Amino acid sequence: MVSMERRKFPRVKDDGLPLKLRLDDFDSITHTMNISSSGVYCKLDKELPLMSRVKLMLMIPDPAKENAMKDLEVNGVVVRQHPVTIDGVIKHYDVAIFFEDLSEKDKENIGNYVKRKSGE
């Protein structure tokens, strides 16, 4: 049975885009596990409270310039997370962040990246 993507903004697994996250006095540099025009899924070393507002610096490839990246400053909200436990020890947290107040230009840049990655 083939599953149909039902999301308004389909997500794609990616190559681990660089991502910097900031919440109050916590800063983390990580990478994406998947991305859509509405949010990002990543790994963090710390548990974050649900509904926390975070600042993100997302770097996506710039198709107009070879080996260049576009820096996108995005606000987000933590909407889901769960600990990843190995041998009874929490190794990291998988965290879903919904983009909040995303500009049309940033939404377009992320959407174009998702389309390129999905082969559309």
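The exercises below, each with a worked solution, concern the predicted model of one protein chain.

Residues are numbered from 1 along each chain as its sequence is written, and side-chain values use heavy atoms, with hydrogens and water left out. Because this is a predicted model, local features need pLDDT of at least 70 and side-chain atom pairs count only at pLDDT 80 or more, while totals for chains, interfaces and linings use all residues.

**Exercise 1. Describe the order of the secondary structure elements and state what percentage of the residues is buried.**

Step 1. Helices (H or I, at least four residues) and strands (E, at least two) are taken as DSSP runs, numbered from the N terminus; on this basis the protein chain has 1 helix and 7 strands.

Step 2. Read from the N terminus on, the elements run β-β-β-β-β-β-β-α.

Step 3. With buried meaning under 20% relative accessible area, exposed over 50% and partly exposed in between (1.4 Å probe, protein chains only), buried residues make up 41% of the 120 residues.

**Exercise 2. Work out which side chains of strand E2 are buried, and which strands pair with E2.**

Step 1. Two strands pair if DSSP finds at least two bridges between them; E2 runs antiparallel to strand E3 (residues 26-35), with 6 bridges joining them.

Step 2. In this pairing Arg22 stands opposite Asp27 in E3, and the hairpin of E2 and E3 has 2 residues between the strands, with Asp24 taking a positive phi near 50 degrees.

Step 3. E2 also pairs with strand E5 (residues 53-61), again in the antiparallel sense, over 4 bridges, and here Leu19 stands opposite Leu58 in E5.

**Exercise 3. Find the salt bridge of the structure and compare how its two partners are covered.**

Step 1. A salt bridge is a side-chain nitrogen of Lys or Arg within 4 Å of a carboxyl oxygen of Asp or Glu, and a search of the whole structure finds 1.

Step 2. The partners are Arg53 and Glu100, whose closest N and O atoms are 2.8 Å apart. The pair links distant parts of the chain, since Arg53 lies in strand E5 and Glu100 in strand E7 (residues 89-100), 47 residues apart.

Step 3. Arg53 is exposed, with a relative accessible area of 56%, whereas Glu100 is buried, with a relative accessible area of 17%.
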